[in-house]
2 protein chains.
Amino acid sequence: MVCVNKDTRTRIVEAAMELFWLKGYGSTSIADILSRSQVNSGSLYYFFPGKQDVLVAVLEAYRDGIGPMLLEPAWSGVDDPVERVFALLASYRRALVETDCTYGCPIGSLALELHEPDPPVRELMAANFRAWVDAVEGCFAQARDRFPEETDLRALAELALNVMEGGVMQSRTFRDIGPFDRAVAQLRAHVDAISLRERAA
Amino acid sequence: MVCVNKDTRTRIVEAAMELFWLKGYGSTSIADILSRSQVNSGSLYYFFPGKQDVLVAVLEAYRDGIGPMLLEPAWSGVDDPVERVFALLASYRRALVETDCTYGCPIGSLALELHEPDPPVRELMAANFRAWVDAVEGCFAQARDRFPEETDLRALAELALNVMEGGVMQSRTFRDIGPFDRAVAQLRAHVDAISLRERAA
DNA sequence: GTCTATAAAAGGATAGAC
DNA sequence: GTCTATCCTTTTATAGAC
């Protein structure tokens, strides 16, 4: 990806996306965004009324990028729908390991950092979670016949999100990948336990 | 509890505890703490070198209060050890409902808000999670004979934490208690599924 | 231990030329 | 669309009397 000649707005959003992930929203200053994106104050305020509008753009970028930036890379080479769920979780594991258990899910961090988000911000965070759960539920739905009829696939997908977010939270706090791995193992055991028969090899 | 004549340090810590819960650490200013605790700047800096030291005191208070302030109220009138786990989760549900799904676990929020906490802060957040998981693991251990020998009770207790924290995160974001309830229901189903026989009525 | 006043810095946002 | 300079507010922290 060529990074030098992107348009200014894109550079701002990408810089903010990374900084919010690294430091959080409140701890990222406009000056941080300006210096990382190599943009001047006037240009930022030409495109965005204020800092919160940059956040909105970042959350829109995450929402729009969930397929191409998150799911497709995680699922490349993985065909089995249930394995795709665990491949997705493995991509969060990678992020944790690569950052020495410092950074996990950017949406989750923002969701707990911002205590009284304005409606557009909250709605976009919800849209991100919804899209994630939709995708995971879709995986389980493709394997519908492996689960008992009464299994609530939506609730199962939400459990996967909880396991991921909770695992990230604990691993970050303990600076240890162990809690994340045990969380995923618990989900695996649960999915196996409710599966009707073994998957085709 | 008499609140007027508590000593100054205690008033500061209690005010900060509430404010960090309501607004987060970064969004709570020293001025906020001073006005809520009715203390003057000079007094706060007499007791604490800076804002982060107030946070340390708050986290110590949570850690020391987990028994008397969290577990004992949640467990009053509940004798069955496994039901105590769900009674604890119900106390988080209460916090969510009473605040219109705005506030959940203060430790979880701090854990995701603070991206690069200084060692004493991170260690205290870890100590809080550890104490929570210890308590829940203790409940499961009291019902050891209800679970297969190979069941990892520690991992099960960690799952309970993940379910709580994930459920809080989603319910807060969607401003809807549904995700939290479904998360707890999934844990209940999992615990029931691995239980060897029905509990005594 | 507590009070008031204030220093010192950071941060969000704006103005106006180009 | 971009640039520099700067205003204004908030915030952390300190000084020094009492």
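**Figure 1. Polar contacts of DNA strand D in the predicted model.** A polar backbone atom of B:Ile30 lies 2.7 Å from a phosphate oxygen of DNA strand D; a polar contact is a pair of N or O atoms within 3.5 Å, and within protein one must be able to donate a hydrogen and the other to accept it, with residues adjacent in sequence counting only if both atoms are side-chain atoms. This is a predicted model, in which local features need pLDDT of at least 70, side-chain atom pairs count only at pLDDT 80 or more, and totals for chains, interfaces and linings use all residues; side-chain values use heavy atoms, with hydrogens and water left out. Residues are numbered from 1 along each chain as its sequence is written, while chains are lettered from A and ligands numbered from 1 in the order in which they are written. A polar backbone atom of B:Lys51 is 3.1 Å from a phosphate oxygen of DNA strand D.

**Figure 2. The protein surface near DNA strand D.** DNA strand D is surrounded by 14 residues, the closest being A:Thr8, A:Asn40, B:Ile30, B:Ser41 and B:Tyr45; a residue is near a molecule or strand if one of its heavy atoms lies within 4 Å of it. Of the atoms of DNA strand D that come within 4 Å of the protein, 64% belong to sugar and phosphate. H3(A) provides the largest share of this surface, five residues; helices (H or I, at least four residues) and strands (E, at least two) are DSSP runs numbered from the N terminus. By class, the surface near DNA strand D comprises four nonpolar, nine polar and one charged residues, where Ala, Val, Leu, Ile, Met, Phe, Trp, Tyr, Cys and Pro count as nonpolar, Asp, Glu, Lys and Arg as charged, and the others, Gly among them, as polar.

**Figure 3. The protein surface near DNA strand C.** Among the 14 residues around DNA strand C, those that come nearest are A:Ile30, A:Ser41, A:Tyr45, B:Thr8 and B:Asn40. Phosphate oxygens of DNA strand C are found 3.4 Å from an N or O atom in the side chain of A:Tyr45 and 2.9 Å from one in the side chain of A:Lys51. Sugar or phosphate makes up 62% of the atoms of DNA strand C within 4 Å of the protein, and bases the rest. Helix H3 (41-47) of chain A and helix H3 (41-47) of chain B each supply at least two residues of this surface, and H3(B) gives the most, with five residues.

**Figure 4. The contact between chain A and chain B.** The contact takes 42 residues from chain A and 43 residues from chain B, contact meaning heavy atoms within 4.5 Å. About 3,800 Å² is buried between the two chains, and carbon and sulfur atoms give 57% of this area; buried area is the accessible area (1.4 Å probe) that two parts lose on being put together, summed over both. A:Leu112, A:His115 and A:Met169 supply 19% of the area that chain A buries against chain B, more than any other three residues.

**Figure 5. Packing of helices H4 and H7 in chain B.** The axes of H4(B) (residues 51-75) and H7(B) (residues 119-142) come within 9 Å and cross at roughly 10 degrees. The two helices are therefore roughly parallel. Residues of H4(B) including B:Leu59, B:Ile66 and B:Trp75 meet residues of H7(B) including B:Leu124, B:Ala131 and B:Cys139. The residues of this contact divide into 16 nonpolar, two polar and two charged. Axes are lines fitted to C-alpha atoms, for helices over the stretch in contact, and angles run from 0 to 180 degrees between N-to-C directions; angles under 35 degrees count as roughly parallel, over 145 as roughly antiparallel, 65 to 115 as roughly perpendicular and the rest as oblique.
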